[in-house]
Structure formats: structure tokens, C-alpha cells
Amino acid sequence: MSVQNASAAIGGASKSQKKSRGALFWKSVRKFPMVYVGGLIVFLLVICAVFAPVLALHNPITQYQNGLHMDGTPVGPSKFFPFGADDVGRDVYSRLIYGSRVSLIVGFVATAISLLIGTTLGLISGYFGGFIDTVIMRITDTILAFPFLLFALALVTILGSSLTNVLIAIGILGWGVMARVVRGQVLSVKEFEYVQAARALGASTPRILFRVILPNILGPIIVLATLAVSQNILVEAGLSFLGVGVQPPTPSWGNMIYAGVQDYQFAPWLMVYPGVALLLAVLGFNLLGDGLRDILDPRNATH
Amino acid sequence: MTEALLDVQDLKKYFPIRRGVLQRVVGQVRAVDGITFSVMPGETLGVVGESGCGKSTMARTILRLLEPTSGKVEFEGKNVVGLSKNEMRAMRREMQIVFQDPYASLNPRYTIGKTLLEPMEIHHLHTASARKQRVADLLDRVGLDPDYTNRFAHEFSGGQRQRIGIARALTVNPKLLILDEPVAALDVSVQSQVLNLLKDLQDDLDLTYIFVAHDLSVVRYISDRVLVLYLGHMAELADADEVFADPLHPYTRALLSAVPVTDPDQKRERIILKGDLPSPANPPAGCPFHTRCPAAMEICSKQVPAWQEAKPGHLVACHLYQ
Amino acid sequence: MLSYIVRRLGGALVVLFGISVVTFILAYAVPSDPARMIAGPKASMATVLAIRHQLGLDRPLYVQYGAYIWRLLHLNLGMSYVYNLPVTTLIGQRFLPTATLALSAWIAELVIGIPLGIYTARRARKLSDYIVSILALIGISLLIPWLGIVLLYWLGFKIPIFPLGGAGGISHLILPALTYGITGAAAYTRLLKSSMLEVLKQDYVRTARAKGATESRVINRHVLRNALIPVITYGGIDIGYLLGGVVLLEVTFNWNGLGILAYNAISESDIPVIMGTVLLTALLVVLFNLLVDIVYVFVDPRIRYG
């Protein structure tokens with residue numbers, strides 16, 4: 001049997017192996033069913049944010065007279081206001097739908113900023129090592145030393161309250177953990193001989209960093225990013241609750257909760273619905289991130 | 001006399017050992033400690049030694065995957081050490097490497113096609129369609145089905161992966177191939193297939209090889225000349241047949257005595273070395289081998305033996321022949 | 001080992017320097033003119049310039065930074081624009097309440113998180129593991145003030161077991177601690193579970209079982225001891241979250257500590273107070289991480305400290 005024939009035979013076997021690898025992935029997804037739940041929640045959230053104008057029943061900032069009782073207290077859930085009205089007569093349901101936009105924008109954009117900074121610094125730090133590594137890791141330690149929420153609070157106060165500044169603050173404070181994790185991954189991947197081979201072939205450093213190493217550490221980065229989205233949504237809500245961040249009348253779940261606190265006794269819907277929406281959104285990303293981590297963990301490999 | 005293709009002179013690679021509060025350099029691991037040899041076009045130089053003797057470090061230092069501490073590496077008369085980034089990139093077309101581990105040496109995220117295309121992209125070789133043709137040719141050349149371009153590394157066996165690794169090294173048409181234990185991780189039956197492939201390639205493409213290995217029978221099969229390393233130092237260098245017929249250095253003799261013999265009636269004295277390989281961070285004074293040498297003399301612990309010709313074309317560093 | 005600790009100390013010093021630079025930039029270089037803030041919007045330009053000169057704001061930045069460090073070393077964090085009191089005094093008054101609250105919150109996290117971690121590890125892949133894990137995830141997904149207010153309403157107002165916020169005895173601490181415990185415990189649960197599962201696979205655990213040790217002995221003597229090591233590291237990281245979360249806790253439960261101080265300072269743009277609290281909390285984080293690093297040396301014999 002010639003070499004060609006022999007390898008063709010093996011090739012035939014590996015074809016079925018390729019198919020079964022996809023199957024193995026789905027098998028491990030079935031092993032961690034919560035990923036589906038998380039993914040579904042995230043999907044619905046994105047639908048809400050994108051199609052907010054379609055899904056909302058009313059304008060989220062219009063104050064309806066029939067949203068308030070004669071004594072000025074908000075009306076409860078009804079046909080017209082499914083989740084009730086707020087203290088100035090706005091539709092809670094529609095505000096909730098629009099509020100998902102703030103949460104998602106902060107979740108995605110702030111995470112993207114952190115990811116960009118953290119991944120780049122982690123790659124450089126891990127790949128070059130030595131003095132550059134020391135400097136970058138000390139900067140990372142410095143960033144990580146500031147209590148996230150408090151520092152974001154201070155930063156937004158100094159920059160001024162706005163959605164953009166919240167994005168920037170959360171984004172430029174959140175990269176510490178990412179830089180550390182990426183660096184650790186790079187340290188282990190760069191020892192592989194395929195990285196050495198790329199160097200021997202004359203690949204430039206950016207090429208090695210972004211086209212050879214980065215694709216091989218994408219798994220942990222995706223997990224980290226997913227969990228960061230959930231954390232950033234919570235931080236935004238926390239900042240809004242403290243009155244810093246997205247300013248009324250623009251609805252965000254955090255400022256809706258804050259506005260509902262005083263009326264919790266007689267108008268619980270003001271606080272309960274945005275709280276539950278926030279819980280679901282954050283839980284969705286957490287389930288997704290946790291599940292992806294379990295699936296990607298080689299110790300849980302099905303084969 | 002023809003010009004040497006590669007001329008290595010007094011090559012050293014030390015790794016610093018850092019300790020203490022300020023991470024001061026308190027010592028050095030002398031992985032490669034003064035190696036000099038040259039390789040003629042078209043020949044195969046076998047490099048042998050125990051694990052930890054610095055042969056892999058030497059291979060990587062020649063290619064500047066590790067920066068040499070000192071010494072010269074001249075390729076066709078041009079010193080590779082000290083070349084600028086761009087000059088080095090061009091130089092990489094001339095010298096390539098095949099690694100030991102067929103599993104770690106191929107990028108798991110690349111298809112085989114991408115693995116073979118990338119080097120040509122880096123060096124801007126050929127047009128897009130010519131590249132594709134070349135990938136198919138190379139796969140065929142190393143004995144793989146050209147239809148495999150869309151598969152990933154994990155779909156192949158160790159031997160097939162090693163063929164891919166060889167094909168990758170050949171994409172840029174190098175003159176010199178450094179083979180860093182290319183068959184050590186393979187099954188014996190596959191080893192010989194890959195060795196034969198390497199021999200064929202050498203004949204067809206006029207390649208020059210530096211073949212690093214710890215398996216003497218493999219080295220004997222493929223090499224024209226053999227260099228024996230011990231603890232980052234050269235012990236012996238001669239034609240392959242000469243080394244195996246008349247080993248001079250006690251270390252080479254010990255290595256050879258450990259090779260299994262095919263004839264059970266043939267009696268050979270097994271030389272068992274005393275002790276362990278000393279740490280290259282703290283090499284013995286004098287001859288690096290004297291701590292384990294069965295023929296050690298007083299002078300061996302005091303003076304480094306000179307590197308000299310004991311017989312015509314047979315170089316050795318040992319006080320027995322001074 | 002000494003050299004390891006000294007190097008950690010060196011690293012911490014570098015981080016402290018970094019913290020001072022960041023806070024300096026934020027406090028002095030970025031915001032709108034502090035002199036204008038002190039003088040008030042109606043003050044004349046001359047007054048503003050005078051104050052600016054008095055504060056040294058007209059000098060080059062590095063001189064200002066030097067002066068800033070000099071003041072920090074003398075524990076001088078400046079004067080609050082609002083209270084007209086030294087920031088250190090304000091912080092000093094509220095440090096203990098916040099420390100008490102943070103400590104209780106941390107204990108609550110451990111008390112909830114660690115037993116759940118052990119439980120889920122021992123029941124891994126069973127239904128009860130899934131249920132507890134999801135409950136823990138729900139906990140981590142809750143907004144602190146939201147959970148706090150719901151708890152306050154039900155356990156303080158509807159069924160008045162606990163006081164409705166404010167400072168006082170242990171009863172005042174329970175709801176905030178519980179709130180933080182519920183939202184923070186999952187991190188410990190998850191970490192302990194995975195590190196226990198890792199340890200349970202080790203040969204020495206199998207050996208212990210093989211020689212007939214009881215399951216509780218195996219868990220307590222062999223598994224927990226090793227599995228808790230990564231949890232200690234997380235404890236160091238957690239202090240940062242804790243000090244941030246304490247702001248939300250204090251505002252929710254009207255606990256008059258540093259969090260409320262910072263919160264009020266923010267609504268009044270009282271920058272020295274904001275920066276003072278940020279600086280102090282960052283300092284605490286550095287100290288705790290240093291402590292964890294040192295404790296680590298003693299707990300984990302495998303650590304290399306060459």
C-alpha cells in the first residue's frame with residue numbers, strides 16, 4: 001500500500017471524526033443545559049433592545065394623566081399600563097423595554113472597551129515578558145486596587161453624569177482582570193512549538209500576537225467577556241441607583257429602581273419589575289458565561 | 001574546497017538565574033557553552049547528546065529563536081547574529097526548523113492549507129493561485145493527499161502531522177533545515193517512513209540538514225557527520241562511520257555501548273556512567289565530563305581539554321589524546 | 001522567603017505610587033477648577049486667582065504632585081469643601097462603622113458561600129447541585145440595593161423583626177450583612193466547588209479513602225485544607241468588591257459610614273472627600289492583597305518564593 005493510499009484511508013476515518021467533533025460539542029452543551037437558558041434570555045434581551053419602539057406600548061417619557069389617581073399616586077397594572085404607571089404617570093412597561101437598551105449598551109460597549117485594553121496589554125505583557133511585563137502588571141495591580149464601584153462613582157462625578165461617561169468609566173476601570181487572565185493564557189500558549197514555528201518562518205510580532213496566539217486563547221476571553229457584561233450591567237444599575245449615570249427622564253433599570261424605592265409600600269410594581277428585569281438580564285449572561293466555561297473546560301471534555 | 005553553508009563559531013547561550021529582592025543575576029545556566037562547527041552544502045550533520053545537553057537550545061539559537069549570548073552564526077558568509085529585524089526576516093527563508101512534538105508544533109486553529117499558505121504570505125512569495133498550487137504540490141511531495149488542505153491538525157496522526165511540519169518548513173524553499181528530534185515522538189514504524197522521506201527530500205531539493213537527536217541508530221542512519229555534545233560542550237566530531245567504528249571520547253563510547261545490538265551473540269561491554277548529569281548552572285571545573293568519566297585522570301578536573309584533531313578529520317576534546 | 005515578602009512589599013509600594021498618581025490626576029488635573037468650587041460661582045476672578053495661588057494650583061504639575069505626596073505622607077488629605085473639616089477627621093469618624101459593616105458582610109459571604117461550596121462539590125452533577133448552583137447564581141445577579149430594600153420591606157416593615165436601617169447593635173447589622181452575603185456568596189461557592197472537585201480527584205484523596213478514613217475525615221483533613229487555598233486568594237480580590245459594595249449597602253440601609261460620606265460628597269462635588277475615600281479604600285485593598293500574599297506562603301508549601 002502506498003503512502004497516499006494509507007493516508008487516504010486515515011483521511012476517510014478523520015472525516016467522520018470531524019463530524020463527531022461537532023456532535024461532541026453539542027453533547028457537552030446538552031450536558032450543561034443552563035447555557036440554553038442563558039442564551040435564550042440574552043437573545044430575548046437583544047430583541048427587546050433592538051425592537052423597543054415596536055414592543056413598547058407607549059412613549060417611555062410621556063407622562064399620562066390617566067397614569068395617576070386623583071390623589072397623585074400612580075395607578076397599578078392595568079390593560080393600558082401592563083406593569084402599572086410610575087409616580088409621574090409614565091408607563092412602566094414601556095420604560096422597562098427601553099431601559100434594556102441602556103443595560104445592553106453599557107454591558108456590551110463598556111465590556112468591549114475593557115476587552116480591547118485588557119487583551120492588548122495582556123498579550124503584550126505575556127508575550128514580551130521582562131521589564132515590559134513588570135510595568136504592565138504593576139499598572140494592572142494599580143487599576144485593580146481601586147474598588148470598582150467607588151472609583152467608577154468618582155470618575156463619573158468628575159467627568160459628568162452621562163451614559164457616555166458611564167461607559168468610559170466602567171470600560172477603562174474594568175480591564176484589570178482581563179489583562180491578568182489573557183497574560184496567563186499567553187504565557188502558556190507561547191511555549192507551544194507552533195508559535196516558535198511562526199517566528200522561525202519570519203512572522204511579524206503583531207501577526208504572532210493577533211493571528212497565532214489570540215485565536216488560541218479566544219475561549220477563555222469569551223467566557224470572561226460574557227461574565228464581564230453581567231457585572232457591568234449591575235455596576236451601571238448601581239451607579240444609576242446612586243443617581244450618577246443615565247439621567248432621567250431617560251429610563252434605565254437602575255434609576256427606575258431608585259425612583260421606585262420611596263413608593264415601594266403602596267406601589268411595589270415601580271421597583272419590582274425593573275428589579276426582576278435586571279435580575280433576568282444579569283442572570284442570563286451569568287448562565288451563559290458559566291456554561292461556556294464549563295463546556296470549554298478540558299476537564300469536562302466528553303471525549 | 002567548497003564554502004561551508006553554515007559556520008558556527010564559539011556559540012554560547014547562557015540563561016540568567018535571578019534571585020533575591022532585586023532579582024539580581026546570581027548565576028547562569030550555560031546551556032550552550034562554546035560550540036564551533038561548520039556544515040557543508042548538501043550534508044547532514046547529526047547532533048547527539050543526552051536530554052539537557054543543550055542540543056535543542058543550540059538549534060534554536062542558530063535560528064535566533066533564542067538570542068545567542070555570544071558567538072557567530074554565519075550563513076553563506078553572512079553573520080546571522082546582529083542582523084536587523086528585516087534582514088533576519090529575509091534570512092529566515094534560507095533556514096527552517098522542524099520541531100519534535102507533532103502535536104504542539106501545528107496551530108490547532110489553522111487548517112493545513114492555512115498552515116502552508118501563511119509562510120508564503122509572510123514572504124510575499126508567488127501569486128495567490130500559484131500559492132494554492134504550491135500547497136498541493138508540497139502536500140503531495142511529503143506524501144499527503146493534496147485534498148487535505150481544509151482539514152485541521154487534530155484530524156491527523158503523529159506521522160502525518162510531522163509530514164505537514166516538514167512541508168511547512170519547505171514552503172519558503174530553504175537551503176538549510178534544522179531537524180530538532182523530528183522522529184523522537186513517533187512510533188518506530190512511522191519513524192523510518194519519515195526518515196526516508198527526509199532522505200528523498202534532501203536528494204531532490206539539495207537540502208542541507210542539521211539533525212538533532214538522542215537516538216544514535218537514527219543519527220547513524222541519516223548523518224554524514226556526527227557531533228556529540230555534553231553539557232553544552234562539544235565532545236567529539238567526525239564522520240558518522242568513523243564515530244561509530246572508533247569512538248574516541250569516553251562519553252561517546254558510553255553512549256554507543258547503550259545502543260541495543262541486533263546480533264545477540266555479539267558481546268559488547270556496557271559502560272554504565274556514574275552519577276547524574278551535572279547541572280549546567282554549576283558545571284564541573286576542567287573537563288565537564290570528568291565527574292562521570294570512567295577514564296578520568298587528575299588533569300581532567302583541572303584543565304579544560306583542547307578541541308583538537310586526534311585523527312585526520314576526527315576531532316575530540318579529551319585529555320586522553322592530548 | 002524573606003526576599004519573596006520583601007519583593008511583594010516592593011510591588012505594593014509601586015502600586016501605592018500608581019494609586020497616588022491616579023488620584024492626583026483625578027483630583028487636581030481633571031476637574032473643573034477647584035478654586036472656583038471653593039470660591040463659589042459668584043466670586044470675582046481675583047478671589048479665584050488668590051485661592052488658586054493659595055492652593056498652589058498655579059505651580060507646575062510636578063511641584064503640585066510633590067506637594068500632594070508631602071501632604072499625604074503627613075496624613076493630610078485636604079479640607080472638605082462642604083463640611084469645612086479635614087478629610088482625615090471625617091474619615092476617622094466613619095471608619096469604624098464601615099469596617100464593622102464590611103466585616104459582617106464578609107463573614108456573611110463566607111458563612112453562606114463555603115458550606116454551599118462543600119455541599120455542591122460533594123453532590124456534583126446531582127439535582128441538588130444544580131438547584132443550589134442556580135440559586136447562588138441568582139444571588140450574584142441581584143442588585144444590592146434592590147435586594148436590600150425588598151428584605152427591609154418584608155423583614156423590617158411587614159414582619160418587623162429587624163430595624164429599618166440606621167446604625168446600632170447587631171440587629172442593625174443582620175439585614176445588610178445578609179444582603180451582601182446573598183449577592184456575594186456565589187463567588188466563593190463556585191470557586192470552592194471547582195477547587196474541591198480538583199482536589200477530590202487527587203491520588204492522596206483516593207489513598208485516604210482506600211485506607212478506610214471516614215468521608216468526613218477525608219473532606220476535613222485532606223480535601224478542604226487544600227481546596228481552600230484558592231479561596232484565600234479570592235478573599236484578597238473580594239475586598240475591592242466589598243469596599244465598593246459597601247457604598248450601596250450604606251445608602252440602602254442608611255448606615256452612616258464612609259460609603260454615605262462618599263455618596264454625599266459626590267452629589268456635592270466635594271472632591272477632597274471623594275478622593276480621600278477612594279485613596280483610603282485603594283490603600284486597604286493593597287494592604288489586604290499583601291496580607292493574602294504573605295499568608296499564602298505559610299498556607300501553601302508549594303509556592304515558589306525564590
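# Reading helices, burial and contacts in a predicted model

Tutor: Let us begin with Thr281(C), which is found in helix α12 (residues 271-299) of chain C, and let us keep in mind that this is a predicted model.

Student: Why does Thr281(C) count as buried?

Tutor: Its relative accessibility is 5%, and buried means under 20% relative accessible area, so Thr281(C) counts as buried.

Student: Which residues does Thr281(C) touch, not counting residues up to four places away in sequence?

Tutor: Thr281(C) touches Ala145(A), Pro147(A) and Leu150(A) in chain A, together with Leu243(C) in chain C, where a contact means heavy atoms within 4.5 Å.

Student: Where does Ala145(A) belong, and which residues are listed with it as buried?

Tutor: Ala145(A) is one of the buried residues of α5(A), and the others are Asp133(A), Ile136(A), Met137(A), Thr140(A), Asp141(A), Thr142(A) and Ile143(A).

Student: What span is expected for helix α5 of chain A, and what span does the helix reach?

Tutor: Helix α5 (residues 130-145) of chain A has 16 residues, and at 1.5 Å a residue the expected span is 22 Å. From its first C-alpha to its last the helix reaches 22 Å, which is close to that expectation.

Student: What makes Ala59(B) a buried residue?

Tutor: Ala59(B), which lies in helix α1 (residues 55-62) of chain B, has a relative accessible area of 0%. Buried means under 20%, and therefore Ala59(B) is buried.

Student: How many residues separate Ala59(B) and Asp180(B) in sequence, and what is the distance in space?

Tutor: They are 121 residues apart in sequence, and their C-alpha atoms are 7.0 Å apart in space. Leaving out residues up to four places away in sequence, Ala59(B) touches Ile178(B) and Val212(B).

Student: How are two packed helices described?

Tutor: Two packed helices are described by the angle between their axes and by the distance between the axes. Helix α5 (residues 87-122) of chain C and helix α8 (residues 170-200) of chain C pack at an angle of about 40 degrees, with their axes 5 Å apart. The contact of α5(C) with α8(C) has 22 nonpolar, eight polar and two charged residues.

Student: Why is the crossing of α5(C) and α8(C) called right-handed?

Tutor: A crossing is right-handed if the near helix is turned clockwise from the far one by less than a right angle, and α5(C) passes α8(C) in such a right-handed crossing.

Student: How many helices and how many strands are there in chain C?

Tutor: Chain C has 12 helices and zero strands, and its C-alpha trace spans about 85 × 60 × 30 Å along the principal axes. Of the 306 residues in chain C, 48% are buried. Among contacts in chain C between residues at least 6 apart in sequence, 72% join residues at least 24 apart.

Student: Which residues of chain C does UniProt list for "domain: ABC transmembrane type-1"?

Tutor: The UniProt entry, which is unreviewed, lists residues 95-296 of chain C, and over these residues the chain is 85% helix and 0% strand.

Student: Where does UniProt place the feature "transmembrane region" in chain C?

Tutor: The unreviewed entry gives several spans, among them residues 95-118 and 161-188 of chain C. Residues 95-118 of chain C are 100% helix, with end C-alpha atoms 34 Å apart, whereas residues 161-188 of chain C are 68% helix, with end C-alpha atoms 28 Å apart.

Notes: Residues numbered from 1 in each chain as written. Chains lettered and ligands numbered in written order. Predicted model: local features only at pLDDT ≥ 70, side-chain atom pairs only at ≥ 80, totals over all residues. Heavy atoms only, no water. Helix = DSSP H or I, 4+ residues; strand = E, 2+ residues; numbered from the N terminus. Expected span 1.5 Å × (residues − 1). Buried < 20%, exposed > 50% of the residue type's maximum accessible area, 1.4 Å probe, protein only. Axes fitted to C-alpha atoms, helices over the stretch in contact; angles between N-to-C directions. Nonpolar A, V, L, I, M, F, W, Y, C, P; charged D, E, K, R; others polar. UniProt positions renumbered as here; feature names shortened; annotations may be inferred.
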